[in-house]
Amino acid sequence: MNRRQFIAAGSAAGAFGVAGLSLPAAAQTQFSIATGTTGAVYYPLGGAMANILSKKVPGWAVTAEATAGSVANMHMIRDGKAQMALTQCDTAYDAIKGLDKFKGKPVDSRTLAVVYPNLVHFVTMEGTGINKLSDIKGKRISTSAPVSGSEVMALRIIDELGLKLSDIKRERLSPAESTNAMKDGKLDGYFFNGGPPVAAITDLAATQGVKIKLISTADLVPALNKKYGPVFAASQIPAKAYPNQDAAVPVIAIWNILIVPASMSDDQAYTITKTLWENHADLVATHKASTDMTAQNQKAANSSVPFHPGAMKYFAEKGIKLS
């Protein structure tokens with residue numbers, strides 16, 4: 001279904017307003033959520049969202065699409081290939097402003113919810129000689145999957161370190177592929193942005209004979225915000241997030257948001273927001289990262305994209321203030 005067909009279906013579906021009312025059989029609405037790679041957080045979380053909406057909203061059939069991540073997802077929203085997407089707010093900021101990967105082709109989108117913060121992981125192991133970020137020079141490093149938000153972040157970090165891509169032996173692998181390459185001794189470290197625990201990193205940390213090291217990135221926050229806009233914050237990967245990880249690690253945080261095209265009807269955006277919010281426990285049961293999808297975190301300051309009027313209506317009903 002292309003974007004024009006979806007919006008037409010949305011107009012037909014608008015009459016039902018909220019989840020729980022009947023739809024005529026002819027008004028079936030099918031759409032997709034752009035997520036991420038199968039070894040990360042977006043994919044299972046997006047799958048849970050799709051399942052909730054399909055079960056709870058009569059007449060809706062929603063599917064989760066595995067993708068490379070945030071950049072690809074914003075392209076899919078722009079091109080009408082997806083009607084919802086999970087994305088990092090730094091990528092969404094570039095997209096709505098028409099910057100970087102979206103130069104000359106901005107993406108007119110709106111936020112439905114602030115979901116959880118992505119923490120910038122740099123993962124390595126004992127024995128690689130990497131003890132701080134600048135030690136990646138000359139090493140075999142994955143900058144994450146092509147057209148992912150993680151890749152964008154990795155490239156920005158490398159640039160901020162004063163390094164060029166030619167200063168590393170670069171791979172462009174998903175988290176699961178990176179973990180397998182490290183197990184096989186073919187990689188020294190990799191970047192990935194995700195809410196801990198990231199399944200692929202847990203897999204690596206639990207491997208016999210492997211002692212992972214998570215490298216701090218938090219000291220780069222001020223410089224990155226100055227250069228790319230106010231979309232980064234300092235946070236930490238808590239101790240024990242991964243097997244044998246004894247201490248908390250200060251890292252860069254980037255909020256993840258659930259976005260839709262700005263052209264989505266208010267009724268449809270309201271229904272999605274209400275249905276996901278009322279079934280939040282099911283999201284938490286799928287991945288603990290969604291515990292951060294709280295009323296307190298629904299703030300304009302946490303989203304680089306304006307909230308959709310349909311979402312604003314629901315939050316106003318619940319007494320949730322966005323500013």
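Helices here are DSSP runs of H or I, at least four residues long, numbered from the N terminus. The model is a predicted one. By that helix rule, Asp94 sits in helix α4, which covers residues 89-97.

Start with Asp94. Its relative accessibility is 5%, so Asp94 counts as buried, the limit for that label being under 20%. Set aside the neighbours within four places in sequence, and Asp94 is in contact with Leu99, Asp100, Phe102 and Arg156. Two of these contacts return in a network of salt bridges: Asp90, Asp94, Asp100 and Arg156 are linked in it.

Helix α5 covers residues 149-160.

Is α5 mostly covered or mostly uncovered? The helix is mostly covered, with nine of its 12 residues buried. After the helix comes Gly162, and its phi is positive, near 80 degrees.

Asp159 forms a salt bridge with Lys227, at 3.3 Å from N to O. This pair links distant parts of the chain. Asp159 belongs to α5, while Lys227 belongs to helix α8, residues 221-228, and the partners are 68 residues apart. Asp159 has a relative accessible area of 41%, so Asp159 is partly exposed. Lys227 is also partly exposed because its value is 45%.

How many salt bridges does the structure hold? There are 14. One of them joins Arg78 to Asp79, with the closest N and O atoms 3.1 Å apart. Arg78 is partly exposed because its relative accessibility is 24%. Asp79 comes out at 43%, so Asp79 counts as partly exposed too.

Lys132 and Asp135 make another salt bridge, and their closest N and O atoms are 3.1 Å apart. Here the partners carry two labels. Lys132, with a relative accessible area of 47%, is partly exposed. Asp135 has 17% relative accessibility and therefore counts as buried.

Next, the pockets. The largest pocket has a volume of about 160 Å³. Which residues line the largest pocket? Pro117 and Leu119 do, along with Gly195, Pro196 and Pro197. Pro238 and Ala241 also line the pocket, as do Lys288, Ala289 and Asp292. What classes make up this lining? Seven of the residues are nonpolar, one is polar and two are charged. Gly falls in the polar class, while Lys and Asp are charged.

Finish at Ala281, in helix α10, residues 280-286. Is Ala281 buried or exposed? Its relative accessibility is 60%, so Ala281 counts as exposed, the limit for that label being over 50%. Ala281 pairs up for comparison with Thr291, 10 residues away in sequence. In space, their C-alpha atoms are 8.6 Å apart.

Terms used:
Residues numbered from 1 in each chain as written. Predicted model: local features only at pLDDT ≥ 70, side-chain atom pairs only at ≥ 80, totals over all residues. Heavy atoms only, no water. Helix = DSSP H or I, 4+ residues; strand = E, 2+ residues; numbered from the N terminus. Buried < 20%, exposed > 50% of the residue type's maximum accessible area, 1.4 Å probe, protein only. Contact = heavy atoms within 4.5 Å. Salt bridge = Lys/Arg side-chain N within 4 Å of Asp/Glu carboxyl O. 1 Å grid on protein atoms, 1.4 Å probe; cavity = no way out; pocket = protein on both sides within 12 Å on 5 of 7 lines; lining within 4 Å. Points joined across faces, edges and corners; volume = space filled by probe spheres on them.
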